[in-house]
Amino acid sequence: MSDENRSLPREKFEPVAALPVELDALGTELSICFQDLDGPCEIKTCYGDICKIVNALRDYARMLRMVCEEWNLQGYHRAVYEIHADKLEEISKKYQIGIGYDYDKAVEQCQKKRHRKQRDSDVGGEAMAMAYLQAQRTAAAKDKSRSAHVSGPSEESEGADITVVQVEHYDIFEDDVIVFWVDVSHVPQTMQAEARQIDGDRFDPNCFGVCVNYDFEKRQFYIVADTEESEVYPGSVYYIDSAGGKHWFTAELPRAFLEQAFLACVQAVAHEGCERKPTEREAYQSAAEESGVEV
């Protein structure tokens with residue numbers, strides 16, 4: 001087979017390179033030490049960087065094995081690819097053990113969530129625009145939302161335990177907003193019970209999230225709230241059911257959670273080449289304003 005015919009079908013190989021994985025404790029500094037010819041060497045790095053190295057090694061190993069089948073390689077050529085794949089996986093396992101990271105488990109969880117969210121009619125470029133329009137409509141009700149955080153149903157005080165898992169994906173409308181979909185965990189038990197009633201045996205506690213917008217003009221973050229059920233108690237946390245539909249729930253989102261969510265969004269787009277990008281200072285200021293604190 002000639003090199004020209006050895007194409008990599010985008011629909012088959014792009015998910016291997018683009019599949020997101022969960023990263024925790026991105027800022028935790030680590031040290032890698034090794035012996036060089038000139039003596040001991042030390043490299044300062046962090047958990048997130050090590051995860052990216054593991055992902056790159058494992059993704060490339062997977063691609064090598066996939067092209068063996070796709071190109072029907074045989075003999076020496078196939079053996080070279082498979083040996084390289086084995087070595088890359090061996091190296092990646094050392095790093096995984098060192099930081100307590102499980103690539104296979106992370107990929108499995110992300111595939112499961114992606115499978116659900118791909119069937120959600122709110123996901124995609126058009127949906128991002130819809131989310132933006134929705135956010136614009138609900139911006140006028142922002143004061144009511146804050147009031148709801150303070151005077152909402154007492155059982156939702158459990159929302160203080162809600163934790164950010166990761167920014168699942170985002171879309172940038174550079175003249176207007178960045179829309180972030182953020183996965184969350186430890187939602188209130190009452191909310192989980194309602195979602196379980198919706199989804200039955202297919203209930204998945206990993207399918208809760210919040211939508212965050214960053215307004216380029218105002219230079220601030222805010223939580224997108226669904227006001228269809230109630231403008232007084234807007235839905236701020238959603239659950240994606242097994243059919244891909246979104247169900248919104250009212251929850252009190254404390255300042256600590258808002259800071260965590262907004263900072264995760266800052267980190268998610270830190271590598272983007274936008275003319276203007278959100279900053280950590282804006283994240284803290286936005287969290288204070290969203291929680292009704294004077295700044």
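Trainee: Which residues of strand 5 point one way and which the other way?
Mentor: This is a predicted model, to be clear. Phe 208, Val 210, Val 212 and Tyr 214 point one way from strand 5, while Gly 209, Cys 211, Asn 213 and Asp 215 point the other way.

Trainee: And are those residues buried or exposed?
Mentor: All are buried. That's eight of the eight residues in strand 5, so the strand counts as mostly covered.

Trainee: How many bridges join strand 4 to strand 5?
Mentor: Eight, and the two strands run antiparallel. Trp 181 stands opposite Cys 211 there.

Trainee: What about strand 6 and strand 7?
Mentor: Strand 6, residues 220-223, is joined to strand 5 by four bridges, also antiparallel. Asp 215 stands opposite Gln 220 in that pairing. Strand 7, residues 237-240, pairs with strand 5 over two bridges, again antiparallel, with Gly 209 opposite Tyr 238.

Trainee: Which residue takes a positive phi in the hairpin of strand 5 and strand 6?
Mentor: Arg 219, near 55 degrees; the hairpin has four residues between the strands.

Trainee: Switching to helices: at what angle do helix 8 and helix 9 cross?
Mentor: Roughly 150 degrees, with the axes coming within 8 Å. That makes helix 8 roughly antiparallel to helix 9, and the crossing is right-handed.

Trainee: Which residues make the contact?
Mentor: Among them are Leu 258, Phe 262 and Val 266 of helix 8, and Ala 283, Tyr 284 and Ala 287 of helix 9. The contact residues divide into eight nonpolar, one polar and four charged.

Note on methods:
Residues are numbered from 1 along each chain as its sequence is written. This is a predicted model: local features need pLDDT of at least 70, side-chain atom pairs count only at pLDDT 80 or more; totals for chains, interfaces and linings use all residues. Side-chain values use heavy atoms; hydrogens and water are left out. Axes are lines fitted to C-alpha atoms, for helices over the stretch in contact, and angles run from 0 to 180 degrees between N-to-C directions. Angles under 35 degrees count as roughly parallel, over 145 as roughly antiparallel, 65 to 115 as roughly perpendicular and the rest as oblique. A crossing is left-handed if the near helix is turned anticlockwise from the far one by less than a right angle, and right-handed if clockwise. Contact means heavy atoms within 4.5 Å. Ala, Val, Leu, Ile, Met, Phe, Trp, Tyr, Cys and Pro count as nonpolar, Asp, Glu, Lys and Arg as charged, and the others, Gly among them, as polar. Buried means under 20% relative accessible area, exposed over 50%, partly exposed in between (1.4 Å probe, protein chains only). Two strands pair if DSSP finds at least two bridges between them.
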